[in-house]
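Here is a protein model to look around in. Have the sequence and the 3D view open side by side as you read.

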Amino acid sequence: MDLTPGETQRLVQRTAREFAERVVMPLAAGIDANESIPDAVLRGLGDLGLMAVNVAPELGGAGAGAVAFALAVQEIARACASTAVTMSVTNMVGEAIAHFGAADQAARYCGELARGDRGLGCFALSEPDAGSDPGAMTTSARREGAEWVLEGAKQWISGGSAARVFIVWARTAPPETGTRGISCFLVDGDAPGLRVGRREDKMGLRGSSTVPLEFAGCRVPASAMLGAENEGFKIAMMALDGGRIGIASQAIGIARAALEESVRYANDRRAFGVAIGQHQAIKWKLADMNTRVDAAHLLSMRAAWLKEARRPFSREAAIAKLFASESAVAACNDAVQIHGGYGYTRDFAAERHLRDARATTIYEGTSEIQRIVIARSELARLTTAGR
């Protein structure tokens, strides 16, 4: 395993970094305050191929691979976490459609998502009473002639107020079938019977909308099914594995921004006659932050490398997401402490980073769910090895 980025990966990383520093970073505080990402930013991401990094060129993507995607998300998140999660989810949706969709589905949606100029891709799995337990899903889809009719509600849908297409999971078999009775559908953002609810008033990631969805007799053609009937749960789990690499990368970018700003502040701020960075208490915080960022980066690169090599990576993605997200919260908390009272004000970015980082331990599977995935994999491995 060689985790040194190749030429294409370095190019994507450099492209993302330059765009992040030139365009996104100066707007980040405003994106948070105004709760909106400018259309020009989304178009810019599309123009650079960053909305479909791991989608094949013939479908409008960059075809640069999972490692390049992870590196690009880190760079954008370092500038603005709201923009990074918007980019990450749209990439995830485009990848899922490209991988599981029929040729006409991929041709219809992937190019538009890649351009970033006609709406975003959204992932509609969670429900008000079915988050970590998708088997408890109650949203249903019934067949009526050449159409499916969706009824129910979804919750916590990132980017839902600007969606081009939703990947929606719905029950197509009786509730007792659990996850074996779930199918997957592609629903246009303007589909009749679909209502997008009020934006959640969130602690962080305020530039990215999070909304509930209501399906009331929402009709979609039979051709809108993604994959096979009653096999949608497999699509969700495979998509979430890749999505966890994206959220790990987002967390790393946030933590790296917090570290860099803390180093600058520690060099500038003086107390007891010297820069505060000369005090051991601050040095140790910076050392811990640096260690966490580097370790999280290596874990995310391992998971992305395995995905790109088409090898199993569920366990590694869960490890990367768990460690990176919890490390980001710890690092951002230290950043606020290093900044002292200033860190608690909006004059400095430290408080925004802490607010943004907190969500990474929750979405794409909570830290508790990641621990279940990791432990289950380890128990299975040890059981098999003992035979």
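## Before we start

This is a predicted model, so local features need pLDDT of at least 70 and side-chain atom pairs count only at pLDDT 80 or more, while totals for chains, interfaces and linings use all residues. Residues are numbered from 1 along each chain as its sequence is written, and side-chain values use heavy atoms, with hydrogens and water left out.

Helices here are DSSP runs of H or I with at least four residues, strands are E runs of at least two, and both are numbered from the N terminus. Helix 1 covers residues 7-24, which is 18 residues. At 1.5 Å a residue it should span 26 Å, and its end C-alpha atoms are 24 Å apart, which agrees. (The expected span is 1.5 Å times one less than the number of residues.)

Which residues of helix 1 are buried? They are Gln9, Val12, Gln13, Ala16, Phe19, Ala20, Val23 and Val24. They sit on the same side of helix 1, because they cover an arc of only 135° around the axis. (That arc is taken from the directions from the helix axis to the C-beta atoms.) An α-helix has 3.6 residues a turn, so residues three or four places apart point the same way. Turned away from the buried side are the exposed residues Glu7 and Arg22. As for the words: buried means under 20% relative accessible area, exposed means over 50%, and partly exposed is in between, using a 1.4 Å probe and protein chains only. The cover over the buried residues of helix 1 includes helix 2, helix 3, helix 4, helix 5 and helix 8.

## The largest pocket

A pocket is an open set of points on a 1 Å grid over the protein atoms alone, where a 1.4 Å probe fits, with protein on both sides within 12 Å along at least five of seven lines; lining residues have an atom within 4 Å of a point. The largest pocket holds about 1100 Å³ of space. Its lining has 36 residues, and Ser126, Ile362, Tyr363, Glu364 and Gly365 are nearest the centre. Two or more lining residues come from each of helix 5 (81-100), strand 3 (147-158), helix 7 (232-268), helix 10 (350-358) and helix 11 (367-385). Helix 7 gives the most, with five residues.

## The second largest pocket

This one has a volume of about 620 Å³. It is lined by 26 residues, with Asn54, Glu95, His99, Lys307 and Arg310 closest to its centre. Helix 5 gives the most to this lining, with eight residues. Helix 4 (66-79), helix 7 and helix 8 (280-308) are among the elements that each supply at least two.

## Three residues to look up

Histidine 339 is in helix 9 (residues 314-339) and counts as buried, at 4% relative accessibility. Leaving out residues up to four places away in sequence, histidine 339 touches Glu261, Ser262, Tyr265, Phe348 and Ala350; contact means heavy atoms within 4.5 Å.

Now for two loop residues. Glutamate 35 lies between helix 2 (28-34) and helix 3 (39-47), and its phi is near 55°, a positive value in a residue other than glycine. Glutamate 35 is partly exposed, at 28% relative accessible area. Phenylalanine 272 is in the loop between strand 8 (270-271) and strand 9 (274-275), and its phi is near 60°, also positive in a residue other than glycine. Is phenylalanine 272 buried or exposed? It counts as exposed, at 82% relative accessibility.

Conventions
Grid points are joined across faces, edges and corners, and a volume is the space filled by probe spheres set on the points.
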